[in-house]
Amino acid sequence: MAGSPSRDNAAHSARAPWLTLKTREMLEAWLFVSPTFIGFLIFFLGPLVAIFYYSTTEWNLLSQQATFVGLRNFENALLENPDFWHVVRNSVIFALGLVPLNMALALSLALALSRPFFGVVFFRTVFFAPVVTSAIAWAIVWKFMLQGQGGAVNQMLAWIGIDGPNWLREPNWAMAAVIVTRVIKMVGLNMILYIAALQSIPRDYEEAATLEGASRWQVFRMITWPLLAPTTLVIMVLTTIGSFKVFDHIYQMTGGGPENGTLVLAFYIYQQGFKFFNVGYAAALALIMFAIVMVLTLAQVMLRRRDME
Amino acid sequence: MTARRTEIVYRICWTIALLLLAVPFIFPFLWMISGGFKSTTEIFGAPTLIPRVWRFENFVEVFTYQPFARQYFNSLYIAATVTVLTLFIASLAGYALARIRFAGAGLLMLFLVMALMVPEEVTIIPNFFLIRAMGLIDTHWPLILLPVFGPQGVVATFLMRQFFLALPKELEDAGKMDGLSRFGVWLKIALPMSRPALAAVAIITFLHSWNLFLEPLIFLSSLEKFTLPLALSNFNDSYGLPLWNLQLAATSLAVVPILIIYLIAQRQIIESFALSGVKG
């Protein structure tokens, strides 16, 4: 008002002062959000619309131009190309291995580290350190340690009399190795979220239950766990989505191999789109991935809602 | 007395279990640094944590094998640029979404949530052709534009909005009385009060850009334009096999400074991630 008296001329304010104020507020607001909004239109909404179009075209190095082929790419993925289902299977195995392991470890660590005791800061710092480290660096070091001959991991296993496999050269072991090293890399994040949730639970509840004679396990099962449910849901959704998006870790550690044993969806999309230039097919794959992530998110939210009722 | 004793035994057991569990979290860092000082023969020989011969030349060869100093600088300046731009844009939008009730705000929020839900892998293909049409392939522009306006920028916007919502309004009202414009209130009153949120956004944004891999991989082709993660994955011989000691030396150079900063500011850094995780 006082800021720009010239614009608040008497005629306007006399007629409908609230309208001018409101319009100006709105203009200001849109000015504030305009960089975000314009960037969103150009780099998100535009591409999101475009990917639907791309997915209905055949577009590769041979046919330099995009030709409309309808749902051909989806048919190719879902019905014809055996690679696709192999890749989906790998992604599902990766998620089924990673999510429960990550969450169970995160919760255990959080339960151990949510109360102050000697060394708690040290442990939290240690378990969180890989989170701030680049996935490429982490994968480089683990690839080095997981070599069949002379790798640090097999050397340690040899001390206790175990003859370790050539981890990254056998499909099943490679998948296990990728899952476990990814869990170690990311578990700190979920641990921190669980610690925050645990610390917001009033201590009285647990103390009252302990006074009533409940065991540690009963306190956890009957009080802590139900109160953690909203956090568990958020963590589960985020971790599942994250597991379907994993790319750099696999790129550096196994390159999708051996024998495509760790070829997961995000990596397959990259391969098809940017290495083989099957743009139309890659676009269809990207949309399928989008659908999977959406369905998983909604399913988890709905399941939990039913659970809580 | 016995209750206290079991409590102590319990604590000791926990601590030992935690120490064992900590090994796969700490050991890779030690092994990385140790490997960076080893010679090729020692890398493939029986492994020891302390190198038998310290080969400092690795850290020189890292810089001659690739333009590593240049690549290091690229990562630094790109991450700094992304961070400054994100702070500016996200705090502007976050402020408007928190403080002004305007037509379209609800719809905008819905759109932004959607941007969070859609994996970057979905939009990267059209974005590649968009960037190519703009003539920005093999430049640093996509590494700046895509994160600033992508999901990471949205997380930042939500973090800022959440923080502004919790700020008391009175000071800003007083500022308005004193004749400050909306922009003035934002710049002179709201922003100085939101240092904790700005710090959190700066930390997660910087690290996200610093560790970014898919975008550099797709958009960059000349060595002197590479960023660190891409450069690290590129320490291979002519057969495509890793030059382990150089790769580990370079990785140490990239990781250790971040780790030192993390050790100094661990509380703040962990809190920033907790905030963004809860929001995202």
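This is a predicted model: local features need pLDDT of at least 70, side-chain atom pairs count only at pLDDT 80 or more; totals for chains, interfaces and linings use all residues.
Residues are numbered from 1 along each chain as its sequence is written, and chains are lettered from A in the order in which they are written.

**View 1. The interface between chain A and chain B.** Here 76 residues of chain B are in contact with 70 residues of chain A, contact meaning that the C-beta atoms of two residues, placed from the backbone, lie within 7 Å. On the chain B side, helix α1 (residues 2-36) gives the most, with 12 residues; helices are DSSP runs of H or I of at least four residues, numbered from the N terminus. That side of chain B is made up of 56 nonpolar, 17 polar and 3 charged residues, where Ala, Val, Leu, Ile, Met, Phe, Trp, Tyr, Cys and Pro count as nonpolar, Asp, Glu, Lys and Arg as charged, and the others, Gly among them, as polar.

**View 2. Helix α12 of chain A and the residue that follows it.** Helix α12 (residues 265-275) is mostly covered, with 9 of its 11 residues buried, that is, with 20 or more other C-beta atoms within 10 Å of their own, whereas a residue with 12 or fewer is exposed and one in between is partly exposed. Among the buried residues of this helix are L265(A), F267(A), Y268(A) and Y270(A). Just after α12(A), F277(A) takes a positive phi of about 55°.

**View 3. V264(A) in the largest nonpolar core.** Such a core is a set of buried Ala, Val, Leu, Ile, Met, Phe, Trp, Tyr and Cys residues joined through C-beta atoms within 7 Å. Of its 157 residues, V264(A), L285(A) and L159(B) touch the most other members, while helix α8 (residues 171-199) of chain A supplies the largest share, 15 residues. Beyond its neighbours within four places in sequence, V264(A) is in contact with V87(A), N90(A), S91(A), F94(A), V246(A) and I250(A).

View 4. E259(A) counts as exposed because it has 11 C-beta neighbours inside 10 Å.

Terms used
Helices (H or I, at least four residues) and strands (E, at least two) are DSSP runs, numbered from the N terminus.
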